[in-house]
Amino acid sequence: MKYYIAVDIGGTQIRSACYRMNSQTPFMIERISTQGKESALDRLCMLVEKTWPTDGQVCGISVAAPGPVDPWEGIILYAPNIPGWKDIHLKNHLQSHFKVPVTVGNDANMAAMGEWKFGSGIGHHHLIYLTISTGIGGGIIMDDKLLLGQRGLAGEMGHITVLPDGPLCGCGKPGHLEALSSGTGIAKWTQNEIQKGRPSSLSHQEIITAKMIHQAAKEGDGLAIEAFNRAGYYLGMALADFLHLFNPTIIILGGGVSRSGELLFKPTRQAIEQFVIEPHYLDNFTLTQAALGDEAGLMGALALAQEYFPA
Ligand SMILES: [Zn+2]
C-alpha cells in the first residue's frame with residue numbers, strides 16, 4: 001500500500017493526516033498544539049511520526065504553512081503566529097529526517113488547491129479563492145495552474161488598497177481590503193461607531209466579534225447590518241478588480257466570515273455589478289461559498305502531493 005502525508009500548520013494547532021493512495025479520507029489524523037515546550041519544528045516531526053503508516057510506503061509529505069513561503073526551496077520566510085520562525089528550511093529538514101520527498105506551500109494557496117480539486121471549484125480552470133476570517137488570504141488558479149510569481153508571493157489579495165487613508169491593516173499599511181472586510185475589520189468598525197454614540201443592541205458589550213455582529217444583524221440590528229453591507233461593498237469592489245485582472249469563472253469565499261451567507265454575499269454581489277466595467281466578465285461567473293471548511297488546507301496539501309509525487 002502507498003500513502004501520502006499532508007500537514008497543516010496553523011497558529012494554534014498543527015495537523016498531520018495520512019491518506020491511502022486515491023483516497024480523500026484520512027486513514028490517520030493527529031493534532032498537536034503549535035506552541036509548547038519543544039520547538040514547533042520538533043513538535044511537527046513528532047506529529048508526522050505518529051501518523052506514519054506501519055506498512056507500505058509514503059510517497060511524499062506535503063505541508064501547508066502559514067505566512068509567506070518560498071515554494072521551490074520549501075522555506076517558510078516568516079510565520080506570523082509562531083515565535084522565532086523566520087527562514088525555516090522546512091523542506092530540507094523534513095526530507096533529511098523522513099527520507100521521502102517533501103513539498104511546502106502557503107496555506108491560503110493550498111486551500112485554493114483543495115477547493116479546486118475537491119471542493120466548490122471542481123471542473124473549473126480559472127478560479128480565485130479567498131479566505132475571510134481574522135485576516136484575508138487567498139490563492140489564484142489560472143489555466144489549471146496555481147499562480148505563484150517569482151518568489152512564490154503572488155495572490156496576497158487581502159493586501160490590495162481599496163480605501164487610501166482608510167483604517168490600518170494587520171500588515172501596518174492603511175486601507176487594505178483586510179482592514180475593511182475581514183472579521184477584525186468588521187468588528188473594529190462596529191466598535192468605533194458604537195463609541196461615537198451610534199445605537200446598537202451590541203452597545204453594552206465590552207468585546208465585539210464579527211460572529212456577534214452577524215447574530216445581531218440576523219435579529220435586525222441596523223448598525224450590524226450596515227457593518228456587513230460596508231464589508232461586502234469593499235469586498236465586491238476588490239472582486240471586480242480581480243475579475244478584470246484574471247477573468248475567472250468562479251470566486252470561492254471561505255473562512256469564518258463567509259459563513260455569514262447572504263448578509264455578506266448580497267452587498268458583495270451588488271458591488272461587483274456596480275464596479276465591473278463590462279457585463280461579459282459576469283458571463284458563466286459564479287460567486288460561491290467554500291465547501292471544505294477547515295479541511296481545505298489539508299486537502300490542498302494532499303492534492304499537491306498527488307500531483308508532485310505520483311505513486
Ligand atoms: Zn495589509
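The second largest pocket has a volume of about 380 Å³. A pocket here is an open set of points on a 1 Å grid over the protein atoms alone, where a 1.4 Å probe fits, with protein on both sides within 12 Å along at least five of seven lines; lining residues have an atom within 4 Å of a point. The volume is the space filled by probe spheres set on the points, which are joined across faces, edges and corners. The model is predicted: local features need pLDDT of at least 70, side-chain atom pairs count only at pLDDT 80 or more, and totals for chains, interfaces and linings use all residues. Residues are numbered from 1 along each chain as its sequence is written, and side-chain values use heavy atoms, with hydrogens and water left out.

The second largest pocket is lined by 22 residues, of which P71, L146, L148, L304 and Y308 are the closest to its centre. Two or more lining residues each come from β8, α3 (107-118), β11 (145-146) and α9 (296-308). Helices (H or I, at least four residues) and strands (E, at least two) are DSSP runs, numbered from the N terminus. Strand β8 gives the largest share of this lining, five residues. By type, the lining of the second largest pocket holds 13 nonpolar, five polar and four charged residues. Ala, Val, Leu, Ile, Met, Phe, Trp, Tyr, Cys and Pro count as nonpolar, Asp, Glu, Lys and Arg as charged, and the others, Gly among them, as polar.

Strand β8 also belongs to an open sheet of five strands, in the order β3-β2-β1-β4-β8 and with mixed pairing. Two strands pair if DSSP finds at least two bridges between them. At the edges lie β3 (28-33) and β8 (102-106), each pairing on one side only. From one strand to the next, the twist averages 15°. Axes are lines fitted to C-alpha atoms, for helices over the stretch in contact, and angles run from 0 to 180 degrees between N-to-C directions. Five bridges join β4 (residues 57-65) to β8 in the parallel sense. V63 stands opposite V104 in β8. Helix α2 (residues 90-98) packs on this sheet, touching β1, β4 and β8, and makes about 150° with the direction of β8. Contact means heavy atoms within 4.5 Å. Helix α1 (residues 40-50) lies across β1 (2-9), β2 (13-20), β3 and β4, at about 160° to β3.

A second topic is the open sheet of three strands, ordered β5-β6-β7 with antiparallel pairing. Its edge strands are β5 (69-70) and β7 (86-89). Three bridges join β6 (residues 75-78) and β7 in the antiparallel sense. Y78 has K86 in β7 as its bridge partner. Helix α2 packs on this sheet too, touching β6 and β7, with its direction at about 25° to that of β7.
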